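Take them one point at a time and find each residue on screen before moving on.

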Amino acid sequence: MCAKGVDIGTCFLVGAELKDGKEVFTMERDAFFSMPNEDFAEDMLTKSGAFYIIKGDQIYVVGEDALKFSMVTGNAKDYRRPMAKGVLNPGEEEAISMMEVLLEAVVGKPNFPGETICATMPANPVDAEFDVTFHRMVLERFLKKIGYDVKCINEAMCIIYAENPTVTINNEVLPFTGIALSFGAGMVNLAASWRAKKLLEFSCGRSGDWIDRQVAKVRSVPVSKVQSHKEKYLNFDRIDPTDQLLVALEIYYEDLIRYVIGHFQQQLKMANATIDEPVEIVIAGGTSKPPGFVDRFKNILREIGLPIPVKAVRHAKDPLKAVAAGALIAAISEEKKRKAASAGEAAPKASAKKDVPLIS
Amino acid sequence: MWIVKNVLRGSIQIEDLKVKIPAKDYFDLDKIGRERAEQSRQLKLAMEEGYLQNVKKSDPGTNEAVLVKEETRSEIKSKIEELRAAIVKSPDKETVLKAIGDLRGVLAGSKDVEQIRADFDDLKKLVSSMDGDGGWLKKEFEKLRTSFFDKEKDEKTLMKREVLELRKAVLEERGRSQAVLTQFNEFRDTLLKEFKGLLTGLVAAGPRMSATGEGGEAVGERVRMTEVEIKARLKMLDQREKELQANFESIGRKVEGDMGAANQADLLSDLE
């Protein structure tokens with residue numbers, strides 16, 4: 001079955017496809033480093049094996065190499081990112097061009113014209129003025145242009161597809177029913193699902209990048225140092241109280257979790273939602289990667305509470321790839337339905353079980 | 001409708017019908033009566049000899065003009081709402097001026113000129129009631145209206161004649177080439193589309209230009225500008241993509257996973 005998924009994240013692009021029955025993920029850092037196209041720049045980059053793009057008098061080193069060049073040269077100013085807060089970076093002139101090149105290089109050309117690709121999109125944020133329309137239109141247009149049949153899906157819903165949380169009602173297990181949170185670099189996305197149908201979605205415009213900036217500000221250190229320290233040493237089970245960066249990271253992580261749960265409470269109340277059966281919460285995303293994060297989330301959730309019963313909170317099996325895997329699952333499912341329809345067969349139908357909504 | 005064309009370089013006179021058809025011109029024989037025309041020996045001879053060519057001969061009793069008009073009106077109604085939105089996306093003065101110019105040309109060539117007089121009057125009332133910086137629009141609209149209905153009859157006739165000529169040419173070609181017919185239909189659709197779009201566009205543009213800082217109007221303006229911006233940016237992307245030269249086709253670290261995607265997809269598609 002040919003179909004692809006792609007997680008278009010603020011920090012990483014993750015493509016997913018099936019090859020010989022196995023899932024293959026392609027991960028690339030969503031970044032570029034700009035430098036003037038001077039005499040030997042191109043030769044130097046070619047010899048070093050870096051991936052780059054030439055545009056006029058500028059050279060852009062892309063992906064993981066961009067971070068390396070930024071660190072080697074000590075130049076953080078020219079380390080740039082096409083995405084910010086979960087969408088195309090409005091303050092970055094080259095955002096769209098760079099994103100398109102990176103995206104095509106990660107997902108490749110379609111295996112056949114009209115191959116299905118599911119691309120992840122954030123929900124509209126509850127705490128910011130912008131919406132995701134432009135972001136969606138640009139990326140959808142580009143993927144269509146290179147030959148894909150594009151379906152945009154909510155990134156938190158992808159976690160639902162990949163992790164399959166369930167609810168049991170009257171001894172019947174309802175698949176793809178629960179709540180998923182994607183703690184990305186730019187945003188936190190949340191979706192509530194009932195039998196794979198999205199009931200509620202929203203996003204918050206702060207997440208890992210916000211934490212890094214806040215910590216950098218209060219500790220007067222560069223953001224890159226905070227990021228590096230976080231990735232190497234942050235473990236919520238063992239916070240060294242003498243390490244001021246780790247203490248600050250812990251504080252802002254907790255603040256972020258409270259912020260997200262607070263918004264979730266509000267959204268549930270606004271939706272007048274009633275959930276009778278305990279649901280599972282699944283967490284994924286790079287910001288949730290530090291050990292102990294999920295336990296910290298559970299503790300804060302227990303303290304604050306939600307207007308719905310929670311059965312369990314668990315981490316996705318692979319927090320960095322769960323969203324891309326979910327996009328791939330949705331794409332394969334879509335392709336299957338399309339093939340069934342074109343073969344004149346009736347598409348697989350849901351069981352005749354009456355559809356009692358979980359959230360009303 | 002029974003249209004014939006005189007393919008000769010001289011005029012043909014059909015005595016028994018008292019009809020004279022100029023060189024390379026068309027004539028609707030139904031004007032003198034189908035039965036009478038069919039009984040004409042001279043006409044029969046002219047057709048057999050190839051002096052006259054059958055361009056279109058419909059079944060007697062079919063009132064095609066009525067059918068076409070009804071179809072056109074119905075199409076106008078169905079398209080009005082969707083085209084209103086299309087016009088709103090280009091609300092700048094230059095676009096509206098161009099729209100007025102185009103509308104002028106289309107109206108002058110339209111057979112339904114008199115039927116849209118009421119729409120024109122409505123538009124005039126709307127434009128007249130506008131405040132703010134819509135003065136230029138009033139001026140242009142009045143100029144259009146005056147030119148169209150009162151003074152520039154010659155221009156109107158000329159343009160109308162051009163359209164009719166085109167229609168004739170298409171009718172002539174219909175028997176020979178389906179491709180030309182398609183072209184004509186496209187042309188007709190374009191005319192109709194522009195006419196309807198511009199008409200509704202003027203209506204839509206009116207209140208926007210009369211905005212005097214009311215809250216609701218301001219929000220509407222912002223939304224429209226965003227759409228325009230998106231459209232413009234998307235258009236620019238094609239150009240900008242061509243400026244890039246990459247030294248790679250694929251990128252990224254590949255890793256295999258074992259998340260049971262195929263099984264999950266089966267479960268998902270069964271459920272959906």
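What follows is a set of numbered points on a few places worth looking at.

1. Before anything else, keep in mind that this is a predicted model. To get your bearings in chain B, look for 10 helices and seven strands. Of the 272 residues in chain B, 34% are buried. Now take the contacts in chain B with a separation of 6 or more: 69% of them link residues 24 or more positions apart.

2. Let's look at a sheet that uses both chains. Five strands make up this open sheet, in the order S7(A)-S4(A)-S6(A)-S5(A)-S6(B), and the pairing is antiparallel. Which strands stand at the edges? They are S7 (79-80) of chain A and S6 (245-246) of chain B; each has a single partner strand, so one side of each has no neighbour in the sheet. You can check one pairing yourself: S4 (residues 32-36) of chain A and S7(A) are joined over two bridges, with A:Phe32 standing opposite A:Arg80.

3. Next, find helix H3 (residues 95-107) of chain A. Helix H3 lies across S4, S5 (52-55) and S6 (58-62) of chain A, along with S6 of chain B, and runs at about 45° to S6(A).

4. Why do they line one face? Just after the helix, A:Gly74 takes a positive phi of about 70°.

5. The buried residues here are B:Ala261, B:Gln264, B:Ala265, B:Leu268, B:Ser269 and B:Leu271. They cover an arc of only 155° around the axis, which puts them on the same side of H10(B). What do they pack against?

6. Now for the aromatics. A:Phe293 sits in helix H9 (residues 293-304) of chain A, and it is buried, because its relative accessible area is 0%. A:Tyr253 is 40 residues away in sequence, yet the two C-alpha atoms are 8.7 Å apart. A:Phe183, A:Phe236, A:Tyr253, A:Phe293 and A:Phe297 form one aromatic cluster.

7. Over all chains, the count is 11 aromatic pairs. In one of them, A:Phe51 and B:Phe248 have ring centres 5.4 Å apart and planes at 65°, so the pair is edge-to-face. This pair crosses between chains, with each partner in a loop. Are these residues buried or partly exposed? A:Phe51 is partly exposed at 28% relative accessibility, whereas B:Phe248 is buried at 10%.

8. Finally, look for arginines over rings. A:Arg206 lies over the face of A:Tyr259, 3.8 Å from the ring centre. A:Arg195 lies over the face of A:Trp194, at 5.9 Å from the ring centre.

Notes:
Residues numbered from 1 in each chain as written. Chains lettered and ligands numbered in written order. Predicted model: local features only at pLDDT ≥ 70, side-chain atom pairs only at ≥ 80, totals over all residues. Heavy atoms only, no water. Buried < 20%, exposed > 50% of the residue type's maximum accessible area, 1.4 Å probe, protein only. Helix = DSSP H or I, 4+ residues; strand = E, 2+ residues; numbered from the N terminus. Arc of directions from axis to C-beta. Pairing = 2+ DSSP bridges. Contact = heavy atoms within 4.5 Å. Axes fitted to C-alpha atoms, helices over the stretch in contact; angles between N-to-C directions. Phe/Tyr/Trp six-rings, centres within 6.5 Å; stacked < 30°, edge-to-face > 60°. Lys NZ or Arg CZ within 6 Å of the ring centre and 35° of its normal.
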